[in-house]
Amino acid sequence: MLDSCENGLHGQDVLTLRGWLDHAGRAVFFGGAGVSTESGIPDFRSSTGLYRTASGVGYPAETVVSHDFFWEHPEDFWKFYMTRMVFPDARPNACHRKLAELARQGRLAAIVTQNIDGLHQKAGSDPGSVLELHGAVARNSCTNRACGARYTLAEVVALYRAGEEGRRAPRCPVCGAPIKPDVVLYGEALDESVMLRAAAAIEQADVVVVAGTSLAVWPAAGLLGYYRGSRLAVVNLSATPADPSADLVIHEKLGEVFSW
Ligand code: NAD
């Protein structure tokens, strides 16, 4: 039976999680879009998520964020991307900050994230230990391999805004080819070296915390199969496929759970 505490959380479970992390030596945090909803960035599958709200371009969001759509409907892709997926002013929340603190204390070996928002690095986490499975909005590349020019988010935003209404898909100022964000769209492969590092970190982890993810996106979700330990925690508002095999399950808001 779960205990309750003053703030309404399942107090004993949060204390257990805190104890695991405070005594961990190589914990891994495996997170998804739910880690950043309290920073004002919508996730995909919650009731207010991008899959449940109008995309603004006449196609379902899950269709828009695909490799084929990027090439076939560049203007619609960029309109959706810039208005629904890029949040340059978002700030880290309590969860991002607590993870950076745990890493500084030597408790956390890696943050494996499906997020593309860069908020873990903004919170102070070492970029080398944040494994971005699906890329990052901060990085953008010219799609002409012979050119290969790289652009920051600010540069791409400026190029997008400089375009005429209806023709804003950013093009490389060097060679004129389309620019693409370094984010993994449906139909694209994940970076193999990032996947291997994430699998190794999870395999060697003493504690794994799965948080803010529906675990609906593969192959990212399959990485949890590498865990060999007995301290697997799930912290997520709704139930996940990992709940039945987890050693601890907390269905609460991350910002509240990670606020010790
Ligand atoms: P998802 O939308 O499928 O699932 C999010 C989960 O987080 C849900 O189960 C929800 O109940 C939970 N959640 C939401 N807010 C929470 C909170 N405050 N505390 C605890 N739990 C909370 O997200 P996913 O599994 O990450 O898969 C979606 C894909 O979309 C990923 O590949 C990700 O790269 C991408 N995405 C990223 C961002 C971002 O970078 N912030 C935002 C939207 C989508």
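The legends below describe close-up views of a predicted model. Local features rest on pLDDT of at least 70 and side-chain atom pairs on pLDDT 80 or more, while totals for chains, interfaces and linings use all residues. Residues are numbered from 1 along each chain as its sequence is written, and side-chain values use heavy atoms, with hydrogens and water left out.

**View 1. The shell around the ligand.** The ligand is surrounded by 28 residues (a heavy atom within 4 Å), and the closest are Glu38, Arg45, Gln114, His134 and Ser214. This shell is made up of nine nonpolar, 13 polar and six charged residues, with Gly counted as polar.

View 2. A side-chain N or O atom of glutamate 38 lies 2.7 Å from a nitrogen atom of the ligand (polar contacts are pairs of N or O atoms within 3.5 Å). Backbone atoms also take part: a polar one of phenylalanine 44 is 2.7 Å from a ligand oxygen, and an N or O atom of isoleucine 116 is 2.8 Å from an oxygen atom of the ligand. Of the 860 Å² of accessible area that the ligand has on its own, the protein covers 95% (Shrake-Rupley method, 1.4 Å probe).

**View 3. An aromatic cluster.** Ring pairs join Phe70, Trp71, Phe77, Trp78 and Tyr81 into a cluster (ring centres within 6.5 Å), and the whole structure holds nine aromatic pairs. Phenylalanine 70 and tryptophan 71 pair edge-to-face, at 5.2 Å centre to centre and 90° between the planes (edge-to-face means over 60 degrees). Phenylalanine 70 is buried at 3% relative accessible area, whereas tryptophan 71 is partly exposed at 42% (buried is under 20%, exposed over 50%, partly exposed in between; 1.4 Å probe, protein chains only).

Technical notes
A polar contact is a pair of N or O atoms within 3.5 Å; within protein, one must be able to donate a hydrogen and the other to accept it, and residues adjacent in sequence count only if both atoms are side-chain atoms. Rings of Phe, Tyr and Trp (its six-membered ring) pair if their centres lie within 6.5 Å; planes under 30 degrees apart count as stacked, over 60 as edge-to-face and the rest as tilted.
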